[in-house]
2 protein chains.
Amino acid sequence: MSIHSFHPPQRTLMGPGPSDVSPRVLEAMARPTIGHLDPLFVSMMDEVKTLLQYAFQTRNNLTMPVSAPGSAGMETAFVNLVEPGDRVIVCQNGVFGGRMKENVERCGAEAIMVIDDWGKPVDPDKVETALKANPGVKAMAFVHAETSTGTRSDAETLVKLAHAHDALAIVDAVTSLGGSPLKVDAWAIDAIYSGSQKCLSCVPGLSPVSFSERALETIRTRKSKVQSWFLDLSLVMGYWGGGAKRAYHHTAPVNTLYALHEALVLLQDEGLENAWARHDRNHQALKAGLEAMGIRFVVDEEWRLPQLNLVTVPEGVDEAAVRNRLLNDYNLEIGSGLGALAGKVWRIGLMGHACKPQNVLNCLAALEATLYGFKAPIETGVAIEAAQRVYGH
Amino acid sequence: MSIHSFHPPQRTLMGPGPSDVSPRVLEAMARPTIGHLDPLFVSMMDEVKTLLQYAFQTRNNLTMPVSAPGSAGMETAFVNLVEPGDRVIVCQNGVFGGRMKENVERCGAEAIMVIDDWGKPVDPDKVETALKANPGVKAMAFVHAETSTGTRSDAETLVKLAHAHDALAIVDAVTSLGGSPLKVDAWAIDAIYSGSQKCLSCVPGLSPVSFSERALETIRTRKSKVQSWFLDLSLVMGYWGGGAKRAYHHTAPVNTLYALHEALVLLQDEGLENAWARHDRNHQALKAGLEAMGIRFVVDEEWRLPQLNLVTVPEGVDEAAVRNRLLNDYNLEIGSGLGALAGKVWRIGLMGHACKPQNVLNCLAALEATLYGFKAPIETGVAIEAAQRVYGH
């Protein structure tokens, strides 16, 4: 056996995540490892917490990154808030609502499903009906930005409904955090989780979470122990809870936290609203270009996520062959469809560091050449021209 | 709010982990992020698996890194193998046996404890008595290398006892993997987990695990779903299981896996037996130096881990003050005692990349100056001289 060092190519990541990582973040991650109880590391943890509070727009004290990917952040929310015998309303309009259902059931609780079509937002009327029909449910859970469909749901309205029926609101913000408006305190979200590798443009491996005081009270008054030792917030907070004295719980992923810190400093320096505006502007340019090529969006305009564009594969086109050619000839990754959408759609991401004009233009040029090979039915360069008009060139 | 980039100091990490990370590993981790389903990434995953099989000395097909720290690796073993109502014998001779107990109980199972003093190995006679007294237990779990005490237990003998009573053997090898002899197949271990940040000298955040065919069969014939969605091996293996087609489960921590790949290439290039010998040799030198200063080891020689040295703080010495001075004046981290040993001992690590003569000599010189300030009762330089004799200088 003789295996050599691995040298990945330089891709442009315009799929559903991970997204391109800033060189500043990669460089930060390669700084020397120090101990997870080193006083200097503890100071950095405090800064990560402050920066995450800014990104989430919250003052929640329990705001921190879980030491594992977004799926573990989801599990953190459910295992801490849900106990055996509880009932939870779960809204499903894509892959990740289904994963929430799995989580609820594995907690020994009952998931009451509210189903909407893939590519449609969660319907508040259906949610209200379900809440009325099931008094005393512990929580209501939904996905703010469905990564499988590029669809936004109206988080503010849905949280209000949950609270009107005395249920906690659990929100999946894996794809929204940093890319489009999200206001944890203003919308009164009780538990939220995200991922490091989407619009924060950090490497994958961490899941920022935040819990309201009401969620904390629910955890404090649990009847049973949290089924996961690793994700038990009453233990994790001994390490992340603030103050000079930190109790060892698990060994923090030190270097990945350097990366998250740097990614959040970049977000702070740009300004959250500016980041949201940047995602929207590049989305408008991409949209103009795609539509000029005759490619249609699946999601209604009002509910589209700027950072994740779900578009229909033109008739007669082998979608996998196009993706492979983009990857091999252009080092450009775009995403395929999941579940029922497999083979029918592409998911083109414009997340974080990848969300910039040069990527929009490069993607349009590569798609145009790959799909039409500089031949009819479209006029050469029409996509680029349409996008450039949005940029004002 | 204005938070700046974080620049950690260059420490020498001689605590219980994380250990020093090779510059080659840090550099590999900073390579460009690519997609977790990119064909080139999938090839790299196959190499990580092969390299881990070498490190564990196993042909187990289910050998892979869990996308989270060692505590999650521990939880992976228990939630997949243990079901509600099962009984599991848990050996405890330090902190991590206690954590195993927590895991067993949170699976709804009963933990039958076999207790040994901290700093003593697990006593096979007690284990045999417990196995005889509790026929039909599902598994027996113990820590091969107790990170809280620097104590080795006789894994081969303990696994044999478990199998003689038809119980699965679950082994914590967080601190042993790569640092001292560990042979998963020869010893017939059924489930084992480790950490990336100890003797593999990778950054923290991953937990290599390996499961035998018998363990897999136990998972396949479970009566209930695994309580953790994130750690459910029947799902994780759709991604890590091999073959060209990988099903998305969670987003892998791409860059941390680059780091693990590089750390394992370094281990392969050095040779596992050479790495074990290096740990032993530097331990002998450290031991000679510490003993020349009158510092005593806690664990009996036969059961000492070369990679983690538990020594008694000399009488009248403020152990925390010494550690702080080593950290601040020498950028040198050593570990404190946990639990009942807090304040009484130091844990001096010689793990992976940190396990080299210059660190042994630097640590001895720094300790000597800090403890005795070039004054009596010991002759100046006596510790260095003793260590150098071991190195043959």
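Biologist: Which residues point one way from β10(A), and which point the other way?

Modeller: Ser207(A), Val209(A) and Phe211(A) go one way, while Pro208(A) and Ser210(A) go the other. Before we read on, some ground rules. This is a predicted model, where local features need pLDDT of at least 70 and side-chain atom pairs count only at pLDDT 80 or more, while totals for chains, interfaces and linings use all residues. Residues are numbered from 1 along each chain as its sequence is written, chains are lettered from A, and ligands are numbered from 1, in the order in which they are written.

Biologist: Is β10 of chain A enclosed or open, and why?

Modeller: Start with the terms. Helices (H or I, at least four residues) and strands (E, at least two) are DSSP runs, numbered from the N terminus. A residue is buried with 20 or more other C-beta atoms within 10 Å of its own, exposed with 12 or fewer, and partly exposed in between, the C-beta atoms being placed from the backbone. In β10 (residues 207-211) of chain A, 5 of the 5 residues are buried, so the strand is largely enclosed by the rest of the structure.

Biologist: Which strands pair with β10(A)?

Modeller: Strands of a sheet pair through backbone hydrogen bonds, either parallel or antiparallel. Here a pair needs at least two DSSP bridges. Strand β2 (residues 62-66) of chain A runs antiparallel to β10(A), with 5 bridges, and Met64(A) has Val209(A) as its bridge partner. Strand β9 (residues 191-193) of chain A is also antiparallel to β10(A), with 3 bridges, and there Ala191(A) sits opposite Phe211(A).

Biologist: How do I read a whole sheet? What is the strand order in chain B?

Modeller: The order is β2-β10-β9-β8-β5-β3-β4 in chain B, an open sheet of 7 strands with mixed pairing. The edge strands are β2 (62-66) and β4 (110-115) of chain B; each has a single partner strand, so one side of each has no neighbour in the sheet. From one strand to the next, the twist averages 15 degrees.

Biologist: Which strands does helix α4 of chain B lie across?

Modeller: Two terms come in. Residues are in contact if their C-beta atoms, placed from the backbone, lie within 7 Å. Axes are lines fitted to C-alpha atoms (for helices, over the stretch in contact), and angles between N-to-C directions run from 0 to 180 degrees. Helix α4 (residues 95-106) of chain B lies across β3 (87-92), β4, β5 (139-143) and β8 (168-172) of that chain, at about 165 degrees to β3(B). Helix α6 (residues 155-164) of chain B packs on the sheet too, touching β5 and β8 and making about 155 degrees with β8(B).

Biologist: Which residues touch the most other members of the largest nonpolar core?

Modeller: In soluble globular proteins, nonpolar side chains tend to be buried together. A nonpolar core here is a set of buried Ala, Val, Leu, Ile, Met, Phe, Trp, Tyr and Cys residues joined through C-beta atoms within 7 Å. The largest has 259 residues, and Met140(A) and Met140(B) touch the most other members. Neighbours within four places in sequence aside, the contacts of Met140(A) include Ile89(A), Leu131(A) and Ala169(A).

Biologist: How does chain B relate to chain A?

Modeller: Copies are superposed by least squares on the C-alpha atoms of residues with pLDDT of at least 70 in both. A rotation of 180 degrees, with 0.0 Å of shift along its axis, puts chain B on chain A (RMSD 0.0 Å). That is the relation of a two-fold axis. Within chain B, Ala68(B) has the C-alpha nearest the axis, at 2.5 Å.

Biologist: How many residues are in contact between the chains?

Modeller: 67 residues of chain B are in contact with 67 residues of chain A. Helix α9(B) gives the most to the side of chain B that touches chain A, with 8 residues. The copies meet through the same surface, because 100% of the interface residues of chain B are also interface residues in chain A.

Definitions and conventions:
Two residues are in contact if their C-beta atoms, placed from the backbone, lie within 7 Å.
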